[in-house]
Amino acid sequence: MDKKIKVQLVKGLIGTRESHRATVRGLGLRRVNSVSELEDTPSVRGMINKVSYLVKVVA
């Protein structure tokens, strides 16, 4: 079974660090309220953890 995580961008990227913007783009998120469905891997978890103040995991 492939586990999936849905991630939603809840805050804008203006004023954030360049590396955090790159991480959000790497998660496949473009604009506020966009949702991306990703595989549940340790690397994806780490990316979500890095920008946890910008995103939320939706069910």
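Modeller: The account below starts with the sheet and then turns to one residue within it.

This is a predicted model, in which local features need pLDDT of at least 70, side-chain atom pairs count only at pLDDT 80 or more, and totals for chains, interfaces and linings use all residues. Residues are numbered from 1 along each chain as its sequence is written, and side-chain values use heavy atoms, with hydrogens and water left out.

Three strands form an open sheet in the order S2-S1-S3, with antiparallel pairing; strands (E, at least two residues) and helices (H or I, at least four) are DSSP runs numbered from the N terminus, and two strands pair if DSSP finds at least two bridges between them. S2 and strand S3 (55-58) are the edge strands, each pairing on one side only. S1 and S3 are joined in the antiparallel sense by four bridges, and Val7 has Val57 in S3 as its bridge partner.

Gln8 belongs to strand S1 (residues 4-9). Gln8 is buried, because its relative accessible area is 14%; buried means under 20%, exposed over 50% and partly exposed in between, with a 1.4 Å probe and protein chains only. Leaving aside residues up to four places away in sequence, Gln8 touches several residues, including Leu29, Ser34, Val35 and Leu54, where contact means heavy atoms within 4.5 Å.

Elsewhere, Gly28 sits in the loop between helix H1 (18-26) and strand S2 (35-39). Gly28 counts as partly exposed because its relative accessibility is 43%. Gly28 and Leu9 lie 19 residues apart in sequence and 9.8 Å apart in space, C-alpha to C-alpha.
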